Amino acid sequence: MDKRLTRQDHWHKTRRMTALLLILWLLTSFCAAFFARELTGWSVFGWPLSFYLAAQGASLVYLAILAVYAWRMRRLDQASRTPEPRA
Amino acid sequence: MKPSRTFFQRLRSYYLMFTAGFACFLIALAALEQEGMPRVWIGYLFMFATIVLYATLGVLSRTSNVLEYYVAGRRVPAMFNGMATAADWISAASFISLAGGLYLHGFDGLAYIMGWTGGYCLVALLIAPYLRKFSQYTIPDFLAERYGGAANPAGNGGRAVRVLAVIATIIVSFTYVVAQIYAVGLIASRFTGVDFSVGIFLGLASILVCSFLGGMRAITWTQVAQYIIILVAFLIPAVWLSAKHSDNPIPQVAYGKLLPKLSARENVLQHDPKEAEVRAIFRQRAADYQARINTLPASWEAGRIDTQRKLDSVKLRNASLLEIRAAERALIAYPKSADEALRAWSDARDQNLARAEPITPHATPYPGDPATSDIKRNNFLALVFCLMLGTAALPHILMRSYTTPSVHETRVSVFWTLFFILLIYLTIPALAVLVKYDIYNALVGSDYAHLPNWVSYWANVDKLNPLFSISDVNRDGVVQLAEITIDADVLVLATPEIAGLPYVISGLVAAGGLAAALSTADGLLLAISNALSHDVYYKLVDRAASTQKRVTISKLLLLAVAFIAAYAASTKPGDILSLVGAAFSLAGATLFPALALGVFWKRANQQGAIAGMVVGFTVCVYYMLHTNPILGGAAGGQWFHIAPISAGIFGVPAGVLAIVIVSLLTRPPDKQTLALIDYIRAPEQ
């Protein structure tokens with residue numbers, strides 16, 4: 001917020017964040033599905049961990065990704081906004 | 001910001017009033033039911049009240065303004081856009097069949113939950129905000145502009161890309177819309193007793209009044225109302241069942257406690273000698289069919305003579321008319337030729353073998369021996385991948401990113417979309433477990449003389465393809481689990497009765513299923529007719545058309561497409577319905593690479609996009625034709641044992657590869673295109 005971002009900086013940061021969140025998205029999906037058998041032994045609140053992840057956990061992570069993205073992008077957009085108001 | 005805030009508040013109060021009104025309607029109906037109103041009237045009332053409601057909303061938001069018609073004036077607040085998109089997204093399949101699918105397949109069915117929610121990450125991160133910044137009307141618009149090509153600076157360069165995108169949009173959306181209209185007919189006919197095709201045309205009328213009069217604007221406001229109905233209809237039975245079985249009315253939390261109990265019960269049933277007896281009977285029946293198949297054509301000949309002889313003997317001994325009819329029917333149903341016998345008996349053998357299978361454990365991922373288990377895991381991953389990429393490329397969902405007031409609102413809107421979808425999707429696995437728990441404990445082990453009412457009701461709904469069947473196979477008078485077959489489509493519709501709720505809730509669930517099918521059909525029809533009118537007619541045929549003319553053409557095309565889809569649905573095309581899942585692979589392979597690379601890779605050019613779309617589509621279609629028995633393929637042709645529904649796992653990489661290779665081999669995009677990319681990437685001012 002302290003200094004104005006140039007268009008290029010804005011895009012670089014956007015791209016980096018997109019990449020980070022996509023990696024998180026990929027890891028969540030892949031691990032929940034690929035290691036499902038290994039995770040069965042663990043349990044959260046009664047669910048076997050693998051079932052919980054596939055039924056709720058992964059989807060909630062996706063929701064969190066969307067929330068973080070919308071919030072961080074708003075900050076980025078504001079940081080790069082030109083000071084004079086546009087018509 | 002001031003006016004949009006008041007607009008938001010006004011909308012909020014409208015919809016709160018609507019919800020309150022709907023609650024009063026429910027209470028009034030429940031009271032009427034107590035007073036003894038017949039069931040069929042409740043069905044009628046629900047059906048007509050909701051259809052009239054949607055039609056009224058459509059009439060109130062009628063418009064012939066281009067901006068309003070195509071993108072709802074770009075002023076739908078994020079939260080409401082999210083609600084409308086969620087209704088757009090939750091199709092008849094999600095509402096009616098998904099919980100049933102989870103009931104039947106246990107863990108492996110969760111691929112749909114993961115895939116259909118994870119796709120929104122791709123929508124938000126890679127596509128939606130950039131489409132909003134681009135601010136046009138359709139998906140082909142974006143692709144055509146982005147891949148305009150240097151050859152033709154007049155803006156016509158994207159012709160080929162536009163045509164390909166339109167074709168993809170239509171193929172993907174059409175199979176999908178037929179399935180929705182089919183579901184409308186099914187629900188309407190089941191709950192009101194009207195004929196299937198009458199049901200279709202009633203549903204069609206409400207779809208048309210809505211989208212025909214007001215386009216995107218009308219369907220947006222209708223979809224918000226439909227979402228509220230869907231949510232209420234889905235949650236009430238689930239909450240009720242959850243409170244009944246676990247003293248915790250929040251199903252999403254409560255079923256964690258029930259899952260271990262269900263697994264324990266499965267284990268008991270698995271080792272029950274009576275269950276083993278029933279399964280052995282089915283195995284024996286399958287073996288009998290196999291024996292007859294082995295001795296074809298002699299066995300066919302012998303069987304035919306035998307059936308004929310039976311008919312003659314009942315006629316000779318002057319048996320009752322009923323017996324003669326039964327013998328006649330048996331002769332008519334007997335295979336007409338040895339080939340037909342082979343097919344019929346193979347089917348019967350497979351059905352019996354399937355019923356002889358041991359219980360699928362609900363919570364265990366990828367059950368089976370190590371090799372089968374690995375194949376199941378790979379298919380799970382592939383399916384999740386295809387559903388995600390397909391979600392991120394469905395035109396009727398992406399189209400909705402054009403309707404918000406700003407890019408930021410689009411991002412927030414995707415968040416709300418997933419939020420509202422999750423309210424339903426987190427309940428679906430819970431509902432499957434709750435119903436399974438109920439059936440395994442209450443129905444299994446009960447006495448055939450005292451079956452609950454819903455059993456006989458649902459067993460008699462469709463005689464040809466029974467949705468629910470139960471018969472005392474081993475004749476011990478007690479219900480065994482192996483004696484029950486349940487169709488995925490019946491589970492949600494029957495839940496209120498299974499839970500012992502009043503009939504008014506059954507009507508509500510049917511209205512919810514209707515809302516889910518209608519809202520999705522609205523969005524899809526608009527996606528198809530916009531692609532035809534905006535992209536084909538306006539952009540390719542008549543560039544000089546007035547805005548008035550454009551909207552009129554669009555409405556006429558909508559009408560035409562709707563009737564074609566309704567006609568297709570009224571022929572009950574089982575094959576089309578089974579192909580709906582394939583739409584995701586096709587959308588993902590054809591549109592997703594071009595959309596995502598269009599934003600993130602400047603070097604992608606027109607030739608690359610054309611190659612990518614063609615290759616992605618071709619690979620997908622080839623794989624499906626090659627491996628799907630319905631399309632004349634054979635399961636033996638599968639690569640890495642991947643099921644045909646996940647053809648996108650090969651199609652998407654092929655499409656990406658084609659874009660990259662062909663783009664690098666041909667000229668880079670011109671300055672104009674690069675400027676466009678910079679523009680859509682730039683922050684909003």
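Is R411(B) buried or exposed?

## A buried arginine

R411(B) turns out to be buried, with a relative accessible area of 5% (buried means under 20%, exposed over 50%, and partly exposed in between, using a 1.4 Å probe on protein chains only). This is a predicted model, where local features need pLDDT of at least 70 and side-chain atom pairs count only at pLDDT 80 or more, while totals for chains, interfaces and linings use all residues. Residues are numbered from 1 along each chain as its sequence is written, chains are lettered from A in the order in which they are written, and side-chain values use heavy atoms, leaving out hydrogens and water.

R411(B) sits in helix α17 (residues 407-425) of chain B; a helix here is a DSSP run of H or I with at least four residues. Setting aside neighbours within four places in sequence, R411(B) is in contact with Y69(A), A70(A), M73(A), R74(A), D77(A) and P129(B) (contact means heavy atoms within 4.5 Å).

## Two helices side by side

Now for α9 (residues 196-246) and α22 (residues 547-570), both of chain B: their axes come within 10 Å and cross at roughly 160°. That makes α9(B) roughly antiparallel to α22(B), a label for angles over 145 degrees. Among the residues making the contact are F196(B) and L204(B) from α9(B), plus L559(B) and F563(B) from α22(B).

## The core

The largest nonpolar core has 231 residues (buried Ala, Val, Leu, Ile, Met, Phe, Trp, Tyr and Cys joined through side-chain atoms within 4.5 Å). Helix α9(B) gives the most to this core, with 21 residues.

Conventions. Axes are lines fitted to C-alpha atoms, for helices over the stretch in contact, and angles run from 0 to 180 degrees between N-to-C directions. Angles under 35 degrees count as roughly parallel, over 145 as roughly antiparallel, 65 to 115 as roughly perpendicular and the rest as oblique.
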